[in-house]
Amino acid sequence: MQLRSDQLDAHLARGLKPVYTVHGDEPLLAQEAGDAVRNAARAAGYSERKVFTVSGAHFDWSGVLGAAQAMSLFAERQLIELRIPGGKPGKDGSEALQRYCAAVGDDVLTIVHLPRLDRQQQQSAWFIALDAAGVSVRVDPVERRALPQWIAQRLARQGQRVAEGDVGVQTLAFFADRVEGNLLAAHQELQKLALLYPAGELAYEQVEAAVLNVARYDVFKLSEAVLAGQTARVLRMVDGLRAEGEATVLVHWTLAEDIRALKRVKDAMAHGKPLPMALRENRVWGNKERLFERVLPLLAEHQLAHLVEAASTCDGIVKGLKHPQWPLEPWDALKRLALMLVQAVAAPPAPRGRAAVRVRLALEA
């Protein structure tokens, strides 16, 4: 049985399964999922706990198998936690996990902690055995568009809320901008608000004064923001990646690869291939597939040719070359390239106010 992390509490209220496999790369949600299972296990009488960490290929799996079969002198039921940080138990581990799942009894409850797994890992014999023996909990990151709602739900848990209407939307958007990509810090900022202010409605000024800028940016999320035409967010993310010391080569490769993929798909469509086939052949799927489907009709062939040329120029600047019509600073050149793509894919109307001024200044730099 497979569940999302937000479905786990309702499941635990109906009873416990012998094995819980928590997998994903979001530390806060993975920790909360593990805590929820541990609390439910403790309430059900699983009072003894043993923890094993698979440290490498030479891990001794006999200890895990023996612990599950040994009778405890101090408790009738025991909780066993198995942590596999690398996500790959190896050949011996695969066989051991399958034997473990076949032999585990009702007096042992097991939690297996794993990082994010790809499709091949989820189709492996050992993962299928874990899933069949109990429940696998997929811990997905909270996407930027869902972050304001996530914050509102967390505020409601601690008896707080934002104002109704546009002011509340603005408050949640400000909070989300400050904590994007860093749920652990977001959780801490929420706890801070609970300590600083009583239950009830929070004003925008209170949130603005209390919430620190703890956002962490992912270069691949920058790619999604660019394709979504989110000008202000793109500018903020480029500045954030620069402050975090991200490699300019990686940022350029991500932007350039999107431009090249758009060009390849557009060319394939011009030769008569359907859009779904062209996307599949160019390995475009998931969120990016939906973004490509939206922006491709907005892009003319001459625009894509111009963007490919711009990506080539920017590549030279990142590697130390100069161009008379481009900024000398690599990060300024990357910002210009990103904004060129944003302007090409953004649906009308054009940005106004400060966002438009920032775009114009960046493109003219």
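Reader: Which side chain does Asp315 meet in a salt bridge?

Author: Side chains of opposite charge can pair when their charged atoms come close. In this predicted model, the side chains of Asp315 and Lys319 meet in such a salt bridge, at 3.3 Å from N to O.

Reader: Is Lys319 buried or exposed?

Author: Lys319 counts as exposed because its relative accessibility is 58%, and the cut-off for that word is over 50%. Asp315, with a relative accessible area of 24%, is partly exposed. Elsewhere, salt bridges that share partners join Asp35, Arg38, Arg49, Glu81 and Arg83 into one network.

Reader: Where do Arg144 and Glu180 lie?

Author: These two form a salt bridge of 3.8 Å, N to O. Arg144 lies in the loop between β6 and α7, and Glu180 in the loop between α8 and α9, so the pair ties together parts that are 36 residues apart in sequence. Arg144 is buried at 18% relative accessibility, and Glu180 is buried as well, with a relative accessible area of 5%.

Reader: What order do the six strands of the open sheet have?

Author: Strands of a sheet pair through backbone hydrogen bonds, either parallel or antiparallel. Here the order is β1-β6-β2-β5-β4-β3, and the pairing is parallel. Because β1 and β3 stand at the edges with a single partner strand each, one side of each is left without a neighbour in the sheet.

Conventions. Residues are numbered from 1 along each chain as its sequence is written. This is a predicted model: local features need pLDDT of at least 70, side-chain atom pairs count only at pLDDT 80 or more; totals for chains, interfaces and linings use all residues. Side-chain values use heavy atoms; hydrogens and water are left out. Two strands pair if DSSP finds at least two bridges between them. Helices (H or I, at least four residues) and strands (E, at least two) are DSSP runs, numbered from the N terminus. A salt bridge is a side-chain nitrogen of Lys or Arg within 4 Å of a carboxyl oxygen of Asp or Glu. Buried means under 20% relative accessible area, exposed over 50%, partly exposed in between (1.4 Å probe, protein chains only).
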